[in-house]
Amino acid sequence: MRLFNTLTGQMDTLTPADGEALRMYACGPTVYDYGHIGNFRTFLQVDVLRRFLKLTGTKVRHVMNVTDVDDKIIRNAAAAGMTIGAYTAGFEQAFFEDLDALRIERPEIIARATEHIPQMVELVQRLAKAGAAYQTEDGSWYFRLAAFPDYGKLSKKDLSGMEDGARVDVDEYEKDSARDFALWKAAKPGETSWDTAIGRGRPGWHLECSAMAMEYLGESFDLHAGGEDLIFPHHENEIAQSESVTHKMFARHWMHVRFLLVDGRKMSKSEGNFYTLRDLLLKGYKASAIRLALISVPYRHQFNFTFDGLVEATNAVDRLRTFRKRLVEGSFAEGENPALQEAAKNAQEEYIAALANDLNTAEARAPIFELLRAANTAMDQGQLKAGDRDAILKVLTSFDGVFDVMEDRDAEVTRKALEWAEQTDRMGQVATELLVRQGLTDEAIDALVTERTEAKKQRNFARADQIRNELADKGVVIEDSKDGVRWKRK
Ligand code: AMP
Ligand code: ZN
């Protein structure tokens with residue numbers, strides 16, 4: 001397949017260098033909060049890539065890190081009065097639940113930063129030996145940009161005029177601060193730290209990905225991926241840290257997913273247009289529709305998220321499912337219709353060709369929906385034969401190996417999201433429509449509670465108990481007190 005390569009600035013063929021498995025590293029989540037739809041756009045596009053590679057016969061060895069120590073985590077954990085381990089555990093679990101909800105396949109290897117401190121320390125030692133790292137008075141270690149003339153080759157940054165020895169020690173920074181960056185930060189009082197051969201401290205964010213990528217994929221590997229915000233400084237720094245000690249090309253191919261916007265604007269909490277996956281589920285949107293919406297725009301195009309788009313994706317999923325059901329459940333005369341055989345063959349070839357061309361998911365969808373229209377018309381006219389059904393189902397199954405929206409697990413995902421909302425006091429965010437679907441509106445509960453009080457007054461205890469049990473099944477407990485009857489959600 002051909003995939004755009006940020007490093008070369010052109011479309012390159014993506015193949016495993018060892019002829020066996022494509023070794024790829026994709027930057028994973030920083031587990032300091034729930035994942036938002038921008039994050040999941042990136043993880044979903046990487047999922048599309050790995051599924052497509054496998055579908056076309058390429059094995060993958062895919063590593064994803066979990067950043068469970070960084071500036072933000074330390075700040076948030078301190079504010080919550082928790083250790084960073086306790087703080088990140090819940091968000092890490094939530095992240096994996098969200099991956100499952102979106103049917104994102106697990107990478108072969110998942111690596112937590114805090115479990116690879118020795119590898120990071122060793123890398124700093126190698127960098128120091130190579131003259132590319134130095135320690136400052138407070139005990140922190142920095143990467144010396146001047147030691148790596150190739151710095152800027154990924155982001156195509158012009159570094160002339162850069163001040164030698166100027167330093168930056170925050171994990172994330174803007175484009176105008178190409179400075180010596182922190183590899184290892186000396187322990188500050190009260191912060192989580194590790195006692196190591198290079199001193200007591202904690203790793204900088206960039207170091208972790210170099211150390212873990214090389215641990216699991218070797219010093220040189222096939223592909224590195226992430227969102228476009230990571231090109232600079234994160235990926236540029238990964239290259240500098242790795243190539244300064246190995247003198248080998250770190251990753252041959254770099255894939256960057258363009259950012260997601262909401263209604264044409266940057267998604268941000270202060271703008272009120274910020275959505276986690278869970279926000280959308282509680283609004284009543286289906287996980288399958290969210291998946292389809294987030295993958296249907298090719299990864300190098302800006303994706304503008306809108307609720308209209310989500311409705312469109314919901315309808316598209318319904319059409320696919322209804323169509324497949326019609327094929328599976330219908331009875332058709334033996335034989336084949338040559339026109340449909342041809343249409344199925346073309347759809348298969350066209351969707352594969354579209355994905356092989358820089359993962360063009362939009363162009364991959366089109367021939368499948370064309371096939372759906374042609375087959376529906378043929379079924380209406382009684383011209384679809386058993387042999388056509390088999391051929392078309394084969395195409396659908398193949399396509400769904402990448403898109404994965406046909407099997408209906410949406411109710412289960414929504415149920416789990418509602419359970420989470422109940423446990424975390426978020427029932428107020430749940431869309432009324434969804435509550436009605438689940439039979440859980442406040443009004444409905446009020447009405448049942450009133451009916452139960454009436455039943456008791458009339459000494460109809462059987463009915464009263466029945467209502468209490470029904471509500472208990474739905475997680476609502478009734479409390480009788482002197483002041484009357486109250487209810488609450490468990
Ligand atoms: P983080 O958890 O912030 O480290 O991000 C995890 C992944 O999501 C990284 O690959 C980011 O580049 C990516 N990402 C963050 N925001 C967006 C966005 N708005 N659109 C697309 N990808 C994003
Ligand atoms: Zn990374």
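Residues are numbered from 1 along each chain as its sequence is written, and chains are lettered from A and ligands numbered from 1 in the order in which they are written. Because the model is predicted, local features need pLDDT of at least 70 and side-chain atom pairs count only at pLDDT 80 or more, while totals for chains, interfaces and linings use all residues; side-chain values use heavy atoms, with hydrogens and water left out.

Select the zinc ion (ligand 2) and show Cys-27 (SG), Cys-209 (SG) and His-234 (NE2), its protein donors, which lie 2.0 to 2.2 Å from it. Donors are N, O and S atoms within 2.8 Å of the metal (3.2 Å for Na, K and Ca), and water is not among the atoms, so sites may look incomplete. Colour helix α5 (residues 205-217), which holds Cys-209, and helix α6 (residues 231-246), which holds His-234, so that you can see how the pair ties together parts that are 25 residues apart in sequence. Cys-209 is buried, with a relative accessible area of 0%, and His-234 is also buried, at 0% (buried means under 20% relative accessible area, with a 1.4 Å probe and protein chains only).

Next, select His-36, Asn-39, Glu-172, Asp-229 and Phe-259, which are the closest to the centre of the largest pocket among its 40 lining residues. Helix α1 gives the largest share of this lining, four residues.

Finally, select Glu-97, Asp-98, Arg-278, Lys-416 and Ala-417, the closest to the centre of the second largest pocket among its 27 lining residues. For both stops, a pocket is an open set of points on a 1 Å grid over the protein atoms alone, where a 1.4 Å probe fits, with protein on both sides within 12 Å along at least five of seven lines, and lining residues have an atom within 4 Å of a point. Helices (H or I, at least four residues) are DSSP runs, numbered from the N terminus.

Note on methods. Helix = DSSP H or I, 4+ residues; strand = E, 2+ residues; numbered from the N terminus. Buried < 20%, exposed > 50% of the residue type's maximum accessible area, 1.4 Å probe, protein only.
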